[in-house]
Amino acid sequence: MLLLFRFACGWLGTALGLAVGKEETAGQLAVLAIPLSMLTSAFVPTGGMPGWLAAVAEWNPVSAVVEAGRQLFGNPSAPGGAWPAQHPVAAALGWCALLLLVAVPLAVRNFARSGR
């Protein structure tokens, strides 16, 4: 699961890097990953979060992968109210599929347009 998510994120990074075009700018895009990784259920359970923040954290793809890992290793946490929190393996696979379906064609198209 973790390797599949990393593979999908790699394609997303490739698509974004090719879309930007400059190496320096593409390197600075990594800063955008910090809020995505912090607004998850990886560090704090969503039950203690305010309603809007819990919803963001439960629908975050990183939360789905973290919860799926916990469930697959036999250490599930208390499920939240949102569908991805209740079905983390299916949600993680869905996020990976969605990322791949979007990022791979974009990366290939951007690579073809760049003339490299």
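The model is predicted: local features need pLDDT of at least 70, side-chain atom pairs count only at pLDDT 80 or more, and totals for chains, interfaces and linings use all residues. Residues are numbered from 1 along each chain as its sequence is written, and side-chain values use heavy atoms, with hydrogens and water left out.

The protein has 7 helices and 0 strands, where helices (H or I, at least four residues) and strands (E, at least two) are DSSP runs numbered from the N terminus. The order of elements from the N terminus is α-α-α-α-α-α-α. Along its principal axes, the C-alpha trace spans about 50 × 25 × 20 Å. Of the 116 residues, 28% count as buried; buried means under 20% relative accessible area, exposed over 50%, and partly exposed in between (1.4 Å probe, protein chains only). Among contacts (heavy atoms within 4.5 Å) between residues at least 6 apart in sequence, 61% join residues at least 24 apart.

The largest nonpolar core consists of 10 residues, namely Phe5, Ala8, Val62, Ala64, Val65, Ala68, Ala91, Ala92, Cys96 and Leu99. At least two residues of this core come from each of helix 1 (2-20), helix 5 (61-72) and helix 7 (88-114). A nonpolar core is a set of buried Ala, Val, Leu, Ile, Met, Phe, Trp, Tyr and Cys residues joined through side-chain atoms within 4.5 Å. Ala8, in helix 1, is buried with a relative accessible area of 0%. Leaving aside residues up to four places away in sequence, Ala8 touches Cys96, Leu99 and Leu100, whereas Val65 touches Met1, Leu2, Phe5 and Ala92. The C-alpha atoms of Ala8 and Gln71 are separated by 21 Å, with the two residues 63 apart along the chain.

The structure holds 0 disulfides, a disulfide being a pair of cysteine sulfur atoms within 2.5 Å. The closest cysteine sulfur to that of Cys9 belongs to Cys96 and lies 7.4 Å away, so the two are too far apart for a bond. Cys96 is likewise in no disulfide, its nearest cysteine sulfur being that of Cys9. Cys9 is partly exposed, with a relative accessible area of 25%, while Cys96 is buried, at 1%.

A search of the whole structure finds 1 salt bridge, defined as a side-chain nitrogen of Lys or Arg within 4 Å of a carboxyl oxygen of Asp or Glu. Arg70 forms a salt bridge with Glu67, and their closest N and O atoms are 2.8 Å apart. Both residues lie in helix 5, with a spacing of 3 residues, about one turn of the helix. Arg70 is partly exposed, with a relative accessible area of 24%, and Glu67 is buried, at 12%.

On the surface, Val31, Ile34, Met38, Phe43 and Val44 form a nonpolar patch with about 530 Å² of accessible area together. Patches are made of residues with over 30% relative accessible area and no salt bridge, with like charges joined within 9 Å and nonpolar side chains (Val, Leu, Ile, Met, Phe, Trp, Tyr) within 5 Å.

Conventions. Areas by Shrake-Rupley, 256 points an atom, 1.4 Å probe, with all protein chains shown as cover.
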